[in-house]
Amino acid sequence: MEADQFFEILVREHADMLMVYLRTVVRDPVTVDDLFQETMLTAWRTIERFDRERPFGPWLRGIAGKLILAWRRKSASQPRLCDEQVLEQLDRRMSQVQRLNGDTFDEKLEALRDCIRNLPEAYRQTIELRYQEEMKPVSITQHLKLNSEAVKKRLQRARIMLLECLTGKLASVGTK
């Protein structure tokens, strides 16, 4: 297989996960698009350094992580949402998701949506406010008339329930 075909297949498989990775730590959509393009260009230029015995996703996220950190240094006036440790933690989480059964990212995303729909109402509402409405925890406390500790606990418990649900759903995909 030629290098350009190999690269195209790998990019198709990992583009959605790379966008999730970038959007997790960069809020500006234009910057996300720029970083995505720069990551892909850098990956294309250095594809000969990629070890085919290793997973492509972490290698691609490693490139993106370095570009994010460089962008953060250049835009020091921007609030810092991440550092190298946060990027490493995020990469580990994304690697866990990639290892779950499910042929495509969309299949995994649909399983997550189903898990969210099945959360108990209080947890579902808190998750939706945080991630769909992109409300800050402070705003959620005001909206739900709860104290900040209650919102933190709801989010924490909801994330645990979602992880368990998603792991169970995707494990059953692999056994069908």
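The legends below describe close-up views of a predicted model, beginning with the whole chain and moving on to single contacts and residues. In this predicted model, local features need pLDDT of at least 70 and side-chain atom pairs count only at pLDDT 80 or more, while totals for chains, interfaces and linings use all residues. Residues are numbered from 1 along each chain as its sequence is written, and side-chain values use heavy atoms, with hydrogens and water left out.

**View 1. The helices of the protein.** The protein has eight helices and zero strands, where helices (H or I, at least four residues) and strands (E, at least two) are DSSP runs numbered from the N terminus. From the N terminus on, the order of elements is α-α-α-α-α-α-α-α. Of the 176 residues, 36% count as buried; buried means under 20% relative accessible area, exposed means over 50%, and partly exposed lies in between, with a 1.4 Å probe and protein chains only. Among contacts (heavy atoms within 4.5 Å) between residues at least 6 apart in sequence, 62% join residues at least 24 apart.

**View 2. The crossing of α2 and α3.** Two packed helices are described by the angle between their axes and the distance between the axes. The axes of helix α2 (residues 29-45) and helix α3 (residues 56-74) come within 9 Å and cross at roughly 130°; axes are lines fitted to C-alpha atoms, for helices over the stretch in contact, and angles run from 0 to 180 degrees between N-to-C directions. The helices α2 and α3 are therefore oblique to each other, given that angles under 35 degrees count as roughly parallel, over 145 as roughly antiparallel, 65 to 115 as roughly perpendicular and the rest as oblique. The crossing of α2 with α3 is right-handed, a term used if the near helix is turned clockwise from the far one by less than a right angle, whereas anticlockwise is left-handed. On the α2 side the contact is made by Thr-31, Leu-35, Glu-38, Thr-39, Met-40, Thr-42 and Ala-43, and on the α3 side by Trp-59, Leu-60, Ile-63, Ala-64, Leu-67, Ile-68 and Trp-71. By class, this contact of α2 with α3 has ten nonpolar, three polar and one charged residues, with Ala, Val, Leu, Ile, Met, Phe, Trp, Tyr, Cys and Pro counted as nonpolar, Asp, Glu, Lys and Arg as charged, and the others, Gly among them, as polar.

**View 3. The largest nonpolar core and a separate one.** In soluble globular proteins, nonpolar side chains tend to be buried together. A nonpolar core is a set of buried Ala, Val, Leu, Ile, Met, Phe, Trp, Tyr and Cys residues joined through side-chain atoms within 4.5 Å. The largest such core has 25 residues, of which Leu-18, Leu-22, Val-26, Leu-35, Phe-36, Phe-56 and Ile-68 touch the most other members. The elements giving two or more residues to this core are α1 (3-25), α2 and α3, and α1 gives the most, with ten residues. Apart from this core lies another, of 14 residues, among them Leu-129, Leu-144, Val-151 and Leu-162.

**View 4. The surroundings of Val-26.** Leaving aside neighbours within four places in sequence, Val-26 is in contact with Thr-31, Val-32, Leu-35, Ile-68, Trp-71 and Arg-72.

**View 5. The crossing of α6 and α7.** The axes of α6 and α7 come within 10 Å and cross at roughly 135°, and the two helices are therefore oblique to each other. Their crossing is right-handed. The contact is made by Gln-125, Thr-126, Leu-129 and Arg-130 of α6 together with Pro-137, Ile-140, His-143 and Leu-144 of α7. By class, the contact of α6 with α7 has four nonpolar, three polar and one charged residues.

**View 6. Loop residues on either side of α7.** Most residues other than glycine have a negative phi, and most peptide bonds are trans. Glu-134, in the loop between α6 (121-132) and α7, has a phi near 55°, a positive value in a residue other than glycine; Glu-134 is exposed, with a relative accessible area of 61%. Lys-145, in the loop between α7 and α8, likewise has a positive phi, near 55°, and is exposed at a relative accessible area of 73%. Leu-146 is placed in the loop between α7 (137-144) and α8 (148-175) and counts as partly exposed at 25% relative accessibility. Not counting residues up to four places away in sequence, Leu-146 touches Thr-141, Val-151 and Arg-154.
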